[in-house]
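Hi,

Here is the structure I promised to pass on. Have a look at it first, and then read my notes below.

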Amino acid sequence: MARDPICGMDVLPEEAAGTSRYRGIDYYFCAPACKEAFDKSPEQYVAAPPVVSATVHEAPSTPSHPSSLNPHTFRVVEIPIRGMTCASCVARIEDGLSKLIGVRAASVNFATQQATISYDSEQVAINRMVQEVRALGYEAAVAEAVLPILGMSCASCVQRIEQALLQVPGVVSAAVNFATERATVTYLASVVQPADLRQAIEEAGYHVADIAVAGIPDQEKAAADSEVRLLQTKFLIGVALSLPVLVGSFPDWFPWVPTPLSDPYVLLVLTTPVQFWVGWQFHRGFWVSLKHRTADMNTLVSIGTSTAYLYSAAITLFPASITPPGMEAMTYYDTAAILMTLIVMGRWLEAKAKGRTSEAIKTLMGLRAKTARVVRGDLVEDIPVEEVRVGDVVWVRPGEKVPVDGIIREGQSALDESMLTGE
């Protein structure tokens with residue numbers, strides 16, 4: 001009994017559909033398509049590594065595209081493939097993958113339904129290979145994870161997290177929703193694990209909410225409410241400290257202000273908690289961005305307010321060495337305090353709006369039908385919506401919700417489309 005090197009099927013030599021001799025060894029094939037694929041490039045099937053694991057690993061070898069491939073960056077990845085029906089599918093997938101720039105060799109095992117690909121990680125990404133498999137009419141077996149993310153402040157955070165996730169070998173796609181603070185990631189479960197996704201997000205400077213909290217409505221709402229309360233507290237304390245700083249910084253405008261309130265040292269004491277406690281999240285975000293050599297809204301806020309605060313503190317503590325002779329020392333504590341307070345107010349209002357949006361989305365999702373009445377043969381049965389398949393006939397009675405998208409085959413009635421049109 002021999003084994004077909006293309007699809008891995010056992011073949012009796014006397015019943016083989018084809019035979020090829022390579023380097024003094026005879027190889028037998030179950031179908032002419034397998035022999036044809038082998039004859040085109042026998043070295044990749046003979047030298048290809050066996051399927052023993054589902055991980056990405058280094059594969060030192062000689063590139064078949066000598067143009068610019070670096071042998072030190074070769075890796076081997078195994079992609080599970082669904083939809084293959086015969087050996088010709090194997091040849092088609094191998095041919096399509098081999099044409100990608102950066103792919104050294106592609107070997108598909110029909111028995112295990114897996115493609116083993118040797119590639120240059122600097123020239124081609126795994127998600128590009130998955131896209132090629134899909135373009136050929138097959139499906140790569142992928143998993144999907146939804147991760148709740150904490151610490152996003154603007155649209156640039158979304159882009160940074162998506163880029164960090166896409167750089168993880170095995171991630172096919174990543175989409176981050178700033179409004180719901182969720183990242184939806186499609187990945188190859190044989191290559192990457194959820195822990196790798198969490199690590200990539202945290203290395204980008206953000207946090208993944210505890211899984212014990214995420215997905216549990218009561219705990220998730222409690223965490224969001226806690227964030228809103230903290231921002232509200234910071235805003236109220238910021239207002240209480242910033243208003244005295246504002247009126248104390250302009251005694252000419254407010255002559256009724258007590259003289260001690262205009263003292264630079266008093267202004268320094270009042271502004272310091274606003275700068276470093278009320279606005280701590282901005283400084284932390286700036287430091288994270290700096291470590292990753294990027295910039296976002298936190299960078300703008302932190303640098304702007306810190307410049308005003310530190311300059312004013314230097315003028316207050318060392319007036320003689322900084323202020324030129326004959327010029328009045330000017331401080332800008334009001335600028336730092338008022339800006340920080342107003343921006344925190346914006347974050348507070350934004351957090352409240354996000355909470356209302358999330359609740360509205362959850363309420364909308366709760367309106368959808370949970371079951372569908374399906375006609376199968378002579379039977380009419382109620383099944384979960386998730387079990388409805390393409391081609392099923394769904395019976396919707398007057399007054400019921402339409403559970404799935406479809407084409408009306410017979411009957412007539414009135415449909416309430418207000419949820420879609422807003423009317």
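Let's start with the largest pocket, where helix H13 gives the largest share of the lining, three residues. Before the rest, a quick note: this is a predicted model, where local features need pLDDT of at least 70 and side-chain atom pairs count only at pLDDT 80 or more, while totals for chains, interfaces and linings use all residues. Residues are numbered from 1 along each chain as its sequence is written, and side-chain values use heavy atoms, with hydrogens and water left out.

On names: helices (H or I, at least four residues) and strands (E, at least two) are DSSP runs, numbered from the N terminus.

Back to the pocket. Its volume is about 1,600 Å³. A pocket here is an open set of points on a 1 Å grid over the protein atoms alone, where a 1.4 Å probe fits, with protein on both sides within 12 Å along at least five of seven lines; lining residues have an atom within 4 Å of a point. The volume is the space filled by probe spheres set on the points, which are joined across faces, edges and corners. There are 36 lining residues, and Val-396, Val-402, Pro-403, Val-404 and Leu-415 are the closest to the centre. Strand E16 (393-394) and H13 (418-421) each supply at least two residues of the lining. Sorted by class, the lining has 18 nonpolar, seven polar and eleven charged residues. (Ala, Val, Leu, Ile, Met, Phe, Trp, Tyr, Cys and Pro count as nonpolar, Asp, Glu, Lys and Arg as charged, and the others, Gly among them, as polar.)

Now for some helix pairs. H1 (residues 32-40) and H3 (residues 87-98) pack at about 25 degrees, with axes 7 Å apart. (Axes are lines fitted to C-alpha atoms, for helices over the stretch in contact, and angles run from 0 to 180 degrees between N-to-C directions.) So H1 and H3 are roughly parallel, the word for angles under 35 degrees; over 145 is roughly antiparallel, 65 to 115 roughly perpendicular and the rest oblique. Ala-33, Cys-34 and Ala-37 of H1 touch Ala-87, Ser-88, Ala-91 and Glu-94 of H3, where contact means heavy atoms within 4.5 Å. That contact has five nonpolar, one polar and one charged residues.

The axes of H5 (residues 155-166) and H6 (residues 194-203) come within 9 Å and cross at roughly 135 degrees, which makes H5 oblique to H6. Ile-161, Ala-164 and Leu-165 of H5 meet Leu-197, Ala-200 and Ile-201 of H6. How many nonpolar, polar and charged residues does the contact of H5 with H6 have? Six are nonpolar, with no polar and no charged ones.

Cheers
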